[in-house]
Amino acid sequence: MKGSLTGYQIADDIIRLLKGTPVASEARGGIYHGGQRPRDSQKEDIVVIYTTADAAQFQKGVVTVNVYVPDIRNSHRGVLVTDVRRCGELEAALRSSIDSLTADRSEYLFELREAVHTRRDDDIQQSFVVAHIGFRHYK
C-alpha cells in the first residue's frame with residue numbers, strides 16, 4: 001500500500017493541476033506554495049495552502065487557493081480600495097478552473113467548500129480571491 005500523501009505533496013499536486021487552467025492564464029503573477037510568495041509582491045499571485053487532510057488510505061482534506069489582487073486608488077479621494085472589477089474576473093476564472101479539475105485529469109475528486117469570494121488584507125493593501133476546495137485522493 002502506498003502511504004498517505006504529505007501536505008506539501010498535496011499542495012504540489014494542486015499547483016501542477018492549476019497550471020494551464022483559466023485562473024493561471026488570467027492571473028498576472030506566479031503560482032506558489034503557502035509561505036513562498038515573494039514579500040511585497042504587487043502581482044496577481046496564486047498561492048496554494050495545504051489546510052488539512054486525514055491519513056487514511058483514501059485521503060480527504062481541504063486546500064485553500066488565494067489569488068492576490070493589488071488594490072487600486074479610488075478616483076474620488078485617492079485612497080486604496082479593492083479592485084472589484086478585477087476580483088470579479090478572477091473569481092470567475094478560479095471557479096471555472098476548479099470546475100475543470102475532473103477525475104480524468106488526476107487522482108483527486110474536488111468540490112468547493114464555500115462560494116469563491118474576495119477578502120481584503122489592509123496590512124498589505126491587497127485583496128485576495130479565496131477558494132476552499134475539498135478533495136479526496138483515491139490512489
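**Notebook: aromatic rings and the fold around them**

I began with the rings and found three aromatic pairs in the structure. My pairing rule takes rings of Phe, Tyr and Trp (its six-membered ring) with centres within 6.5 Å; planes under 30 degrees apart count as stacked, over 60 as edge-to-face and the rest as tilted. This is a predicted model, where local features need pLDDT of at least 70 and side-chain atom pairs count only at pLDDT 80 or more, while totals for chains, interfaces and linings use all residues. Residues are numbered from 1 along each chain as its sequence is written, and side-chain values use heavy atoms, with hydrogens and water left out.

**Entry: Tyr68 and Phe128**

I looked up how these two rings lie: their centres are 5.4 Å apart and their planes stand at 35 degrees, so I log the pair as tilted. Tyr68 belongs to strand E3 (residues 59–70) and Phe128 to strand E8 (residues 126–137), so to speak a link between distant parts of the chain, 60 residues apart. For elements I use DSSP runs, numbered from the N terminus: helices are H or I of at least four residues, strands E of at least two.

Next I checked burial, where buried means under 20% relative accessible area, exposed over 50% and partly exposed in between (1.4 Å probe, protein chains only). Tyr68 is buried at 14% relative accessibility, and Phe128 is buried at 13%.

**Entry: the cluster**

Which residues do ring pairs link into a cluster? I find Tyr108, Phe110 and Phe135. Within it, Tyr108 and Phe110 are stacked, at 5.5 Å centre to centre with 15 degrees between the planes. Tyr108 is buried at 1% relative accessibility, and Phe110 is buried at 17%.

**Entry: the whole chain**

I noted three helices and eight strands in the protein chain. From the N terminus they run α-α-β-β-β-β-β-α-β-β-β. The radius of gyration, taken over C-alpha atoms, is 16 Å, close to the 14 Å from the globule rule (2.2 Å times the number of residues to the power 0.38) for 139 residues, so the chain is as compact as a globular protein of that length. Its C-alpha atoms fill a box of roughly 60 × 25 × 25 Å along the principal axes. Buried residues make up 40% of the 139 residues.
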